[in-house]
Amino acid sequence: MSGAGGGKGTKMTRMLEGAGDIVRTHRLRKEFEDLVAVDDLDLKVGPGLLYGMIGPNGSGKTTAIKMLVGLLRPTAGKAYVLGEKVPIVDNISRIGYMPQEMAIYADLTVHENLELFSRLYSMDRELFEKRERELLKVIDLSDRRDALVSQLSGGMKHRTSLACALMHDPEVVFLDEPTVGVDPELRVGFWKYFADLKARGKTVIMTTHYMDEAVRCDLVGMMRLGRLIGEGTPKELMAMTSTSDLESAFMTMARKVGT
Amino acid sequence: MPLIMITIFGYTFGGDVKNIDVCVVNLDQAPANQSMAGAIISELGTRDTLDIVRVYSPSDAYLDPVAIGREKVEDADIWAIIFFNETFTQDAAAIAGDGTGQSALVRLIADGTNPNIVQAISNDILTAIRAVLGTSAFVVPISISTDLVYGEGARFIDFFAPGVMGLAAMMVTFMLSIISFIHERTTSTLDRLLTTPVTEGEIVAGYALAFGLVGLVQSIVIILTAVALFEIQIVGNPFTVLLIIFVFGAGNQGMGFLLSSLAKNEFQAIQFIPLILFPSLLLSGVFWPIEAVPAFLRPVSYFVPLTYAVEGMRSIMIRGWGMGSIWPEFAVLVIFAGIMLLLSAYSLRKRR
Ligand SMILES: Nc1ncnc2c1ncn2[C@@H]1O[C@H](COP(=O)(O)OP(=O)(O)OP(=O)(O)O)[C@@H](O)[C@H]1O
Ligand SMILES: [Mg+2]
């Protein structure tokens with residue numbers, strides 16, 4: 001199965017050369033004591049792309065995203081989001097972030113969580129109600145709108161968390177494993193929504209452990225031990241490694257760089 | 001840590017009230033070597049219950065020392081003045097000799113805000129009188145008349161109520177703040193908040209406002225209960241009391257945020273609760289006056305914000321003072337809150 005952007009690979013890559021990158025990093029590095037979590041990462045993500053980061057546990061995906069959204073201070077290197085150096089301040093309301101952990105208030109209802117985040121972005125009431133209806137449909141929780149988050153299932157909490165990140169309709173959204181624990185049917189729905197976001201010119205940067213999701217991304221970055229060991233459209237990556245799926249492509253790449 | 005606590009506890013709990021500041025006015029005209037007042041005063045001086053700030057002698061009479069002393073008590077600079085009149089030795093001798101005349105009178109003009117202190121002062125005077133007369137005297141020709149400047153009819157509960165309010169406000173705001181911050185941290189909602197346009201200052205201010213109000217509501221409940229059940233006195237303006245609670249609650253919220261953001265993990269953060277609560281509980285004058293805190297620990301008392309909250313509230317509720325008189329305590333609390341909130345906003349920012 002080929003991804004949405006699969007066929008236009010070369011064109012995409014070329015587009016990345018241009019200015020107006022949504023995310024751009026230069027030798028971005030994060031060390032925790034003697035552990036190098038992100039090792040000289042060079043990333044470039046243009047507008048309107050669905051960028052997927054894959055890599056084993058501990059490969060530095062979350063750390064990289066946290067630096068981009070301004071939660072972790074880079075040890076070295078530079079990073080720009082929407083043209084602003086991180087931690088971004090002026091453009092902060094143009095980004096959305098869904099942490100890997102639940103990160104919603106368990107003692108509030110789904111509605112209250114959404115409302116809270118809409119308030120933090122100073123959204124007006126009318127817009128909020130419209131967005132809420134829309135997002136509740138996407139996460140399929142319209143009928144649980146007034147349920148306490150603590151009483152929802154794990155997957156439902158996760159879906160609520162996604163909706164909170166998307167509430168203010170950000171231009172670029174960082175999603176750390178948005179589909180973990182979400183049932184297959186709903187994941188299809190999510191991907192429809194991501195495609196929709198993309199169609200509206202939004203940029204999605206996400207991490208995932210599901211290879212069938214990664215192939216739907218326009219660009220895939222393969223992380224290993226904090227390093228980007230391969231990047232390209234899923235088609236390119238598979239072609240480069242003469243493999244037929246991303247999983248084997250990753251393995252081959254990993255073998256190529258050694259270690 | 002537990003060692004320090006038990007030590008403080010041992011030194012303060014049930015400790016004697018000591019170093020109570022008083023002035024003495026001695027107008028006794030008996031020659032110095034025969035003056036009974038002089039003997040009593042020097043006996044008082046050898047004991048550590050009272051700290052005699054100043055002794056006014058007959059040569060100070062033109063100053064009207066009683067009026068000055070009373071004023072000092074009214075300003076709460078000293079707890080009491082002890083007054084011996086011109087004929088003190090004479091009266092005592094007369095009544096001891098032939099049982100005639102009026103009994104010699106020690107006049108005590110005291111701040112009744114804390115009944116325990118007044119009690120301690122008059123007990124100490126009695127002890128000193130007995131020491132001077134020696135064990136032989138079985139009729140004590142001297143009596144003490146006490147005249148309270150504040151807190152006429154104040155009971156221990158009146159002294160205690162402001163302390164409980166302060167302590168309760170501190171417990172709820174400080175502990176809730178530590179716990180909510182840990183919660184925000186561990187559930188990553190804090191991360192999420194920090195990626196919104198909301199600034200660190202706004203997060204801290206929001207919490208401070210919320211917890212200040214929590215402290216406020218709690219105090220209203222305590223006041224109403226104390227008034228209804230124990231008929232405590234509130235001489236001054238209860239709204240000033242609530243203002244103190246609000247500022248104090250906001251400060252504690254900041255302190256909780258600050259400490260839990262300094263902590264590496266939630267276990268460390270939780271340990272801050274007793275670390276802060278214990279000294280406040282023991283050293284701030286909630287249960288016993290600061291005067292009962294051993295002298296070497298008293299400097300610590302002056303670093304405990306609760307000391308100022310409780311003192312301020314007592315001044316309002318028992319002395320009937322207004323903002324014009326309690327502003328030093330209030331200022332300390334405002335500074336405390338300001339520093340804590342700024343530091344906690346700063347530490348939030350530094351976390352990145
Ligand atoms: N706060 C921290 N302190 C110390 N080490 C950390 C910290 N956060 C992450 N690490 C380490 O950095 C490395 C990268 O972690 P990171 O969370 O970025 O991995 P990841 O790719 O997101 O993994 P996963 O797929 O499991 O989410 C790991 O070895 C991790 O142990
Ligand atoms: Mg991760």
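Guide: Let's start with a word we'll need: a residue is buried when its relative accessible area is under 20%, and exposed when that value is over 50%. Keep in mind that this model is predicted.

Visitor: Okay, so are Tyr150(B) and Trp321(B) buried or exposed?

Guide: Tyr150(B) and Trp321(B) are both buried. For the chain as a whole, 51% of the 352 residues of chain B count as buried.

Visitor: What is chain B built from, and what does its C-alpha trace span?

Guide: Chain B has 13 helices and five strands. Its C-alpha trace spans about 90 × 40 × 40 Å along the principal axes.

Visitor: Back to those rings. How many aromatic pairs are there over all chains?

Guide: Two things describe a pair of aromatic rings: how far apart the centres are and the angle between the planes. Over all chains, the count is eleven aromatic pairs. Take Tyr150(B) and Trp321(B): their ring centres are 5.9 Å apart and their planes stand at 80°, so this pair is edge-to-face. The cut-off behind that reading is a plane angle over 60 degrees.

Visitor: Where in chain B do Tyr150(B) and Trp321(B) lie?

Guide: Tyr150(B) belongs to strand 5 (residues 142-150) of chain B, while Trp321(B) is in the loop between helix 12 (305-319) and helix 13 (323-350), so the pair ties together parts 171 residues apart in sequence.

Visitor: And which charged end sits over the ring of Trp321(B)?

Guide: That's the charged end of Arg319(B), 5.1 Å from the ring centre. You can find another such arrangement at Phe159(B), where Arg314(B) lies over the face of the ring at 3.6 Å from its centre. Phe159(B) also forms one aromatic cluster together with Phe156(B), Phe160(B) and Phe287(B).

Visitor: Let's move to chain A. Which residues come nearest to ligand 1?

Guide: Look for Gly58(A), Lys61(A), Thr62(A), Thr63(A) and Gln100(A), which come nearest among the 14 residues around ligand 1. By type, that shell divides into four nonpolar, eight polar and two charged residues.

Visitor: Which element supplies the largest share of the shell?

Guide: Helix 2 of chain A does, with three residues. Strand 2 (35-41) and helix 2 (61-68) of chain A each give at least two residues to the shell.

Visitor: What lies 2.8 Å from an oxygen atom of ligand 1?

Guide: A polar side-chain atom of Asn57(A) does. His209(A) also takes part through its side chain, with an N or O atom 2.9 Å from an oxygen atom of the ligand. With Gly60(A), look at the backbone instead: one of its N or O atoms is 3.0 Å from a ligand oxygen. Taken alone, ligand 1 exposes 630 Å², and the protein buries 63% of that.

Visitor: One last thing to read: what does the side chain of Thr25(A) reach at 2.8 Å?

Guide: The side chain of Thr25(A) reaches the backbone oxygen of Leu41(A) at that distance. It also reaches the backbone nitrogen of Leu43(A), at 2.7 Å. Thr25(A) sits in strand 1 (residues 23-32) of chain A, and its relative accessible area of 5% is under 20%, so it is buried.

Visitor: What about Thr207(A): which side chain does it contact?

Guide: The side chain of Thr207(A) makes a polar contact with that of Asp176(A), at 2.7 Å. Thr207(A) lies in strand 9 (residues 203-207) of chain A and, at 0% relative accessibility, counts as buried.

Terms used. Residues are numbered from 1 along each chain as its sequence is written. Chains are lettered from A and ligands numbered from 1 in the order in which they are written. This is a predicted model: local features need pLDDT of at least 70, side-chain atom pairs count only at pLDDT 80 or more; totals for chains, interfaces and linings use all residues. Side-chain values use heavy atoms; hydrogens and water are left out. A residue is near a molecule or strand if one of its heavy atoms lies within 4 Å of it. A polar contact is a pair of N or O atoms within 3.5 Å; within protein, one must be able to donate a hydrogen and the other to accept it, and residues adjacent in sequence count only if both atoms are side-chain atoms. Accessible areas come from the Shrake-Rupley method with a 1.4 Å probe; for residues, only the protein chains shown count as cover. Helices (H or I, at least four residues) and strands (E, at least two) are DSSP runs, numbered from the N terminus. Ala, Val, Leu, Ile, Met, Phe, Trp, Tyr, Cys and Pro count as nonpolar, Asp, Glu, Lys and Arg as charged, and the others, Gly among them, as polar. Rings of Phe, Tyr and Trp (its six-membered ring) pair if their centres lie within 6.5 Å; planes under 30 degrees apart count as stacked, over 60 as edge-to-face and the rest as tilted. Buried means under 20% relative accessible area, exposed over 50%, partly exposed in between (1.4 Å probe, protein chains only). A charge sits over a ring if NZ of Lys or CZ of Arg is within 6 Å of the ring centre and within 35 degrees of the ring normal.
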